[in-house]
Amino acid sequence: MNFDDLIQGFPDLTTTGLAQGSIYALVALGYTLVYGVLRLINFAHSEVFMFGSFAALWTWGIMGYDSNSGRPDLGMALLLILVALVVAALFSGGVAVVLETVAYRPLRKRNAPPLAFLISAIGASFVLAEAMGAVTERRQKGIPSILPNEPLFSAGGWTITPLQLTTFVVALGVMFALDWFVAKTRFGRGIRAVAQDADTAALMGVNKGRVIALVFLLGGLLAGVAGVFFNLKQGNTRFNVGFLIGIKAFSAAVLGGIGNLRGALVGGLLLGLVEAYGAALFGSNWTNVIAFVVLLVLLMFRPTGLLGESLGRARA
Amino acid sequence: MTTDTIKKQRRGLHLGNRFRALPKSARIAALIAFVVLLYVLPVKGFYENLGLPIPAGDGYLPLYTTRSDMANVLFQCGYYILLALGLNVVLGYAGLLDLGFFGFFAVGAYTVALLTSPDSKLITEYNWLESPWPWLVTVPIAVALAMLSGVLLGWPTLRLRGDYLAIVTLGFAEIIRIVAKNQDWILNGDRGIPSVAHPPGTWSDGSPIFGIIDWSPYYWLVLTVIILVIFLIRNLANSRVGRAWVAIREDEDAAELMGVSTFKFKLWAFAIGAAIGGLSGSLWAGQANFVNSATFSLENSILVLAAVVLGGAGSIGGAILGGFLVIYVPEWLRSVGDVFGWPDSVEVFGVHIDVSPTSLRFVIFGALLIVVMIYRPQGLWPNRRRAAELKDRQKEVAPVE
């Protein structure tokens, strides 16, 4: 136990924790959306995220930036991030939709039991991760350094780096957009209807197949965005990075109440903070234990997560 | 039964029904012959005399895993089959989704390692033990400890349902792995525990049966254990406990209302599953000689889960088939490359891609999982009762797309 580190580093820990938490939250939203509609743990979502991370890497490569090139100026940096965000989001979204068509749709047509979906998801996860492993020769790939590490501004011990700021702004922006999309638009109403009662929604004229594809697309888009920020934060990526992030993000979704969009946001940020504080208290190699212990304890007292499950019931 | 279904049954092969129609003596004889066959599997000569065409050169044998020692592969299959049998009790009978089953395997393996290794800190630092214990004595302790950890995990968590239980069990396995990796007081972290004892026994010439050159005795040992465990599980499944499990799996609330003490029986399922997992771990530790945390990664738990569902949840035969396939298929795929002249790598847009079967074996295996789930969601060798339930389920829907 090292309380000095925690107290002295508190501002830094909070900002890094929130930045990491935003990445968890973005991925967690993908789990929660699919779970809310299909009651299915989309085990392969972590690989969708990993594909987003590589899409960003390749985009930067095509634009002439690899891990050896110097840091671009601010305008170029923003352009690089923007293009990577768009490309990675679209790529991940595409992968997610293909995944749904190949691995889940045939099972839904046959009304397979839930376990069959889970195994199919595990199979898809193997295929995606190992295929990427074969393409990248299972090597760790370096990420070009794009944003400066110096703090942007500091006030009373609180500092924030450009990367953390961009991560917050984009992550929160994307999440509010999603919240609005699900709560206010026609498509969003379709999603909520299917989440509440798929068969009744279908009778009311909602195209169930399209709604499910849309849900996977949305989850994929968010995972792609998360992939870009993961790259920038981590400085490298590998074909198996999805696994750990996926587990963390799924835990975050459960923590907040799976199937609940705002729950995923709260759960993600909370998990990021808990990890950061926990790492300072007990040492960084205990991070994952702390995250899981918090999850276990919380589930003892609130068995359906912090905010409870509800994609269908409340206003998302 | 309508004429339609009878016709359908005639059309298929229905090996199961044909087998059951045989007289009892013939069935027993067939089973004995099959068991004998299982015992000769690691012998290389068996594959040479199978009568299957053997391609010249490269030393490839049909069904034999040329790239890795066959007896070792079979031993791995063996302890995965044990794990699958244990998880089958938890998932197949009681319907509890456990994503961290390898945690119990770790408990079993570490118990054996700590008690039998002369380098264990229990001896070198804490002086709790005078000298290392023999392997055989530690196995029951390992099983008991695994069972205890199953109860300890189950007690607070079994009130959770479905997917929440899944994430909690997953967290448990991860915690065990990370604790084993990080802490230095007993388990030695990443450095692990070396010189774990082997099972006892010597050949007539004085050399140990369970040595380090020939893996076959380990396979025979694990095969024998599997046969014993099958008897245990079969009897349990046909007893009051087994019926309670099925009732819980089908509808927990209804079972509770009919007077089944659901919590108690779920805890039993957890404990028995954990005990079998621990047994598997102790057998593995006896062969591996060295135990550290790297073995207990989460992927292994997932693989065991895949084994159970691939084979058919709730069926002993299915668990065995599944446990065998998840290890054997990837290993076998490694050795077929030599035969069919599969290229080792290709270039696409100037990118060098490694397409050797060794590299792609999990891609193929994953695709196989998807295909099997699409065409046989009940698993390859399903429990008859469950297969019937699933058939009803398929008929129920008119998919609205």
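Predicted model: local features only at pLDDT ≥ 70, side-chain atom pairs only at ≥ 80, totals over all residues.
**Stop 1: the interface**

Show both chains and colour them separately. Between them, chain A and chain B bury about 4,600 Å². Carbon and sulfur atoms account for 76% of that area. Now select the residues in contact: 54 come from chain A and 48 from chain B. Next, look for polar links. Two residue pairs are in polar contact between chain A and chain B, both at pLDDT 80 or more.

**Stop 2: the chain A side**

Stay on chain A and pick out its helices. Helix 4 (74-109), helix 5 (114-135), helix 9 (208-234), helix 10 (241-256) and helix 12 (287-301) of chain A each give at least two residues to the side that touches chain B. Helix 5 of chain A supplies the largest share, 15 residues. Colour this side by class: 36 residues are nonpolar, 10 polar and eight charged.

**Stop 3: helices 10 and 13 of chain B**

Select residues 216-237 of chain B, helix 10, and residues 262-288 of chain B, helix 13. Their axes come within 11 Å and cross at roughly 175 degrees. Angles over 145 degrees count as roughly antiparallel, so helix 10 and helix 13 of chain B are roughly antiparallel to each other. Show side chains. From helix 10 of chain B, the residues in contact include Tyr218(B), Val225(B) and Leu236(B). Helix 13 of chain B answers with residues including Ile272(B), Leu279(B) and Gln287(B). This contact has 11 nonpolar, two polar and no charged residues.

**Stop 4: helices 6 and 9 of chain B**

Move to residues 102-116 of chain B, helix 6, and residues 162-182 of chain B, helix 9. What is the angle between these helices? They pack at about 35 degrees, with their axes 8 Å apart. Select Gly103(B), Phe104(B), Ala106(B), Val107(B) and Tyr110(B) in helix 6 of chain B. They meet Phe172(B), Ala173(B), Ile176(B) and Ala180(B) in helix 9 of chain B. By class, this contact has eight nonpolar residues, one polar and no charged.

Notes: Residues numbered from 1 in each chain as written. Chains lettered and ligands numbered in written order. Heavy atoms only, no water. Axes fitted to C-alpha atoms, helices over the stretch in contact; angles between N-to-C directions. Helix = DSSP H or I, 4+ residues; strand = E, 2+ residues; numbered from the N terminus. Parallel < 35°, antiparallel > 145°, perpendicular 65-115°, else oblique. Contact = heavy atoms within 4.5 Å. Nonpolar A, V, L, I, M, F, W, Y, C, P; charged D, E, K, R; others polar. Buried area = accessible area lost by both parts, 1.4 Å probe. Polar contact = N/O pair within 3.5 Å; in protein donor to acceptor, adjacent residues only side chain to side chain.
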